[in-house]
Amino acid sequence: MKLSTICYIERENQYLMLHRIKKANDVHHGKWIGLGGKMEPGETPEECIIREVREESGLSIHAPTLKGILTFPRFKDEEDWYVFLFVARNFSGEITDSSEGVLQWVDKGELENLNLWEGDRLFLRWMEQDHFFSGKITYEKGNLIDSSVIFHL
């Protein structure tokens, strides 16, 4: 089981997106995703996402909001991935080059035109809701085969 985080940094109806094109053997190669990564031992999800955003972008996020938890059964190497999904609207610093890809502010209305994971298209809509959610997204050989979500009121 892998524990991970992802954050969509928001400004003026845009998200900061990472086009994953720089790392060899990257499961996300060619995809546009939010920023984040694997949790280190002893880290809280909040500590992890603050560290990962700083490492990947140079930005410091403040008070990220936990929007949901995602379960990805057998996502990579037959391991289940559990991902804590955050949104950050309060940040400081200057964007730096990322070793993982190219960072770009993207209008929310243009996200559908990007090379996203099919499941990301789902949870990007889920996180626009005013309720916390738990989602499950199942892929087989990179193809979306099932999804479900529960919103907590």
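**Close-up views of a predicted model**

View 1. Strand β7 (residues 79-88) is largely enclosed by the rest of the structure, because seven of its ten residues are buried (buried: under 20% relative accessible area; exposed: over 50%; partly exposed: in between; 1.4 Å probe, protein chains only). Strands (E, at least two residues) and helices (H or I, at least four) are DSSP runs, numbered from the N terminus. This is a predicted model, in which local features need pLDDT of at least 70 and side-chain atom pairs count only at pLDDT 80 or more, while totals for chains, interfaces and linings use all residues. Residues are numbered from 1 along each chain as its sequence is written, and side-chain values use heavy atoms, with hydrogens and water left out. Strand β1 (residues 2-11) pairs with β7 in the parallel sense over eight bridges (two strands pair if DSSP finds at least two bridges between them). Here C7 stands opposite F86 of β7.

**View 2. The hairpin of β6 and β7.** Strand β6 (residues 65-76) runs antiparallel to β7, joined by eight bridges. K76 has E79 in β7 as its bridge partner. Two residues lie between the strands of this hairpin, and D77 in the turn has a positive phi of about 55 degrees.

**View 3. Salt bridges around R51.** A salt bridge is a side-chain nitrogen of Lys or Arg within 4 Å of a carboxyl oxygen of Asp or Glu. R51 is buried, at 10% relative accessible area. R51 meets E43 in a salt bridge of 2.7 Å, N to O, and E40 in another, at 3.6 Å between the closest N and O atoms. Salt bridges with shared partners join E40, E43, R51, E52 and E55 into one network.
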